[in-house]
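Me: I'd like to learn how to read a model like this one, feature by feature. Can you walk me through it?

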Amino acid sequence: MKLETLKADLVERLGLEEAIKLAGKKTVPVHKHTFWYFWGGISLFSFLIQVVTGILLMVYYRPGPEAYESVRQITYQIQFGWLIRSVHNWSANFFLFSVFVHMFSVFLMKAYRRPREVGWYSGIALLLLGLTFGFSGYLLPMDELSFFATKVGMEIPNAIPIIGPPIANLLRGGLEVNEFTVQRFFALHVVILPLLYMPLLGLHLWMVQKHGNAAPPSEEAKEPSQRKTMPFFPNFVAQDLGVWLIVLNLISLLAALFPWQLGPQADPLAAAPEGIHPEWYFMSQFAMLKLIGRVIPGLAGEAAAMTLFTLGLVLWALIPVFDKDKTNTKRSRQVLYFGIFVILVLLSTTFMGFVI
Amino acid sequence: MKDEQEMVLTDPSSPSSPEDVSRRKFLQTGVFGACAVYIGAIGYPVFRYLNSPVEASQLASAVKEVTLDKANELAVGTALMFKFGTSPALLIHHADGSWVAMSAVCTHMGCTVKFDEGAKKITCACHGGVFDAATGENISGPPPRPLERYDVKVNDANVVVTKIS
């Protein structure tokens, strides 16, 4: 009985009635595409794993000149350090993968339309921050691969005319990737990016609570009486938790069976190893740079590829401006074709990146 | 919602029939058990991970013997600080030619003590504890116990300090 009083007291003091009311009223559409609703939650869960394992790694990681040595200790000396590091890496990849799946399913269900534009914009910003998390985290072990990946990656800001080189130098803390770069990327990875990410994530999640899950156009076309829903709490939450459990098992299994490797220490004087390529989530850009470089050699090709990519990204982000609501079916179709084209280009260039 | 279904399936006049209770209990035990397994499977590696340096220093402190090269050349009436395992220790070459080794960790609050050559005593600066430099006995101040003594063996090229078991 005492526990009940405590619960009632807390609800009253914290003003939880509103939240409980909202959660009680909220429903999730049930149809043949309901499966895709789980991918936002999967992204969130793998992000939470990142936070926990990231804090654990910070216990032993030392940025700066000792970076490689500290990661070597984590991987080979500290009990279960290899597992924590491996889970951090695997969940990072899983995180970005699920973010992409989530984004494209939102796109195909046209869930960016009124009133959910803010959800789409904040999602795009979260994706870009997520990619920056990946890029900055990749350098931290300071092994051969991470060193060269960062060296090449920094050529992208470097290629911007006039303002590019000073920006790249500031990010690197020098003309080359060195121990100052690791220190800066570490600050970016564990302080600046989380500070930006958390409030945006809060906004993104609030938008989902506020507007609910969007049903795809095929469902929207049905009579309201024909549409099926399930309560958000407890039904959808329970299923969500079930999916999280599967994800937890999958990541643990992958992390334990395929532990993340640590390459040889970065040597600024050594030549880049053969077949060096970025992580899969940067592969498309990498392949496009290479492909366009074949057609237009030199700096012009690089500039063309980057302009194309930036333009594509801006168009992609502004989709809700063009395809506002369900009244304009012609625009809606055009956007759909554009999106399918983007997905095909991304998939094919990513695949080509591994082959060429 | 589940309760409603069960209400229909079971006799409405006895909503908590024995089968109903035992089924619920079984499910509860299963869920709690699974949670416990997960907490253990995640908690154990995390604990070992965080505890790693503790394990390493416990291993290092298990040292039974330390060899101090050239310590046999220590001048009469002076002392040498060295590390026994993970904690500081004192080697004293007394004016009468005798050798003494003991822990330099004060038995009061764990400060590191020092050999006072003039007074021929061991003193602790933190709370004013005083120990006998020959035996390690606590003479005055707050220390409750004598300092831990070690065996000393002086050789031609070194001094070997051994824990008294």
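Reply: Chain A is divided into domain 1 (37-143 + 179-213 + 230-264) and domain 2 (278-356). Bear in mind that this is a predicted model, where local features need pLDDT of at least 70, side-chain atom pairs count only at pLDDT 80 or more, and totals for chains, interfaces and linings use all residues. Residues are numbered from 1 along each chain as its sequence is written, while chains are lettered from A and ligands numbered from 1 in the order in which they are written.

Me: How far apart are the C-alpha centres of domain 1 and domain 2 of chain A, and how many residues does the contact take from each?

Reply: The centres lie 24 Å apart. Two residues are in contact if their C-beta atoms, placed from the backbone, lie within 7 Å. Here the contact takes 13 residues from domain 1 of chain A and eleven from domain 2 of chain A. On the domain 1 side, H6(A) gives the most, with seven residues. By class, that side has nine nonpolar, one polar and three charged residues. Nonpolar means Ala, Val, Leu, Ile, Met, Phe, Trp, Tyr, Cys and Pro; charged means Asp, Glu, Lys and Arg; the others, Gly among them, are polar.

Me: How many helices and strands does chain A have?

Reply: Helices (H or I, at least four residues) and strands (E, at least two) are DSSP runs, numbered from the N terminus. Chain A has 16 helices and two strands. Its radius of gyration is 23 Å, close to the 21 Å that the globule rule gives for 356 residues, so chain A is as compact as a globular protein of that length. That radius is taken over C-alpha atoms, and the rule is 2.2 Å times the number of residues to the power 0.38.

Me: What share of chain A is buried?

Reply: Count C-beta atoms, placed from the backbone: a residue with 20 or more others within 10 Å of its own is buried, one with 12 or fewer is exposed, and anything in between is partly exposed. Buried residues make up 30% of the 356 in chain A.

Me: And which residues have the most contacts inside the largest nonpolar core?

Reply: A nonpolar core is a set of buried Ala, Val, Leu, Ile, Met, Phe, Trp, Tyr and Cys residues joined through C-beta atoms within 7 Å. The largest has 68 residues, and Ile84(A), Val87(A), Leu140(A), Met142(A), Val182(A) and Ile251(A) have the most contacts inside it. H5(A) gives the most to this core, with 13 residues. Both domains of chain A give residues to it, so the core lies between them. Zoom in on Val87(A): not counting residues up to four places away in sequence, its contacts include Ile49(A), Thr53(A) and Ile251(A).

Me: Where does chain B come in?

Reply: Eight residues of chain A are in contact with six of chain B. Helix H5 (residues 81-108) gives the most to chain A's side, with three residues. That side has six nonpolar, two polar and no charged residues.

Me: Last one: is Thr229(A) buried or partly exposed?

Reply: Partly exposed, with 16 other C-beta atoms within 10 Å of Thr229(A). Its place is in strand S2 (residues 228-231) of chain A. Leaving aside neighbours within four places in sequence, Thr229(A) is in contact with Thr27(A), Val28(A), Pro29(A) and Val30(A).

Terms used: Domain bounds come from an automatic or database domain assignment.
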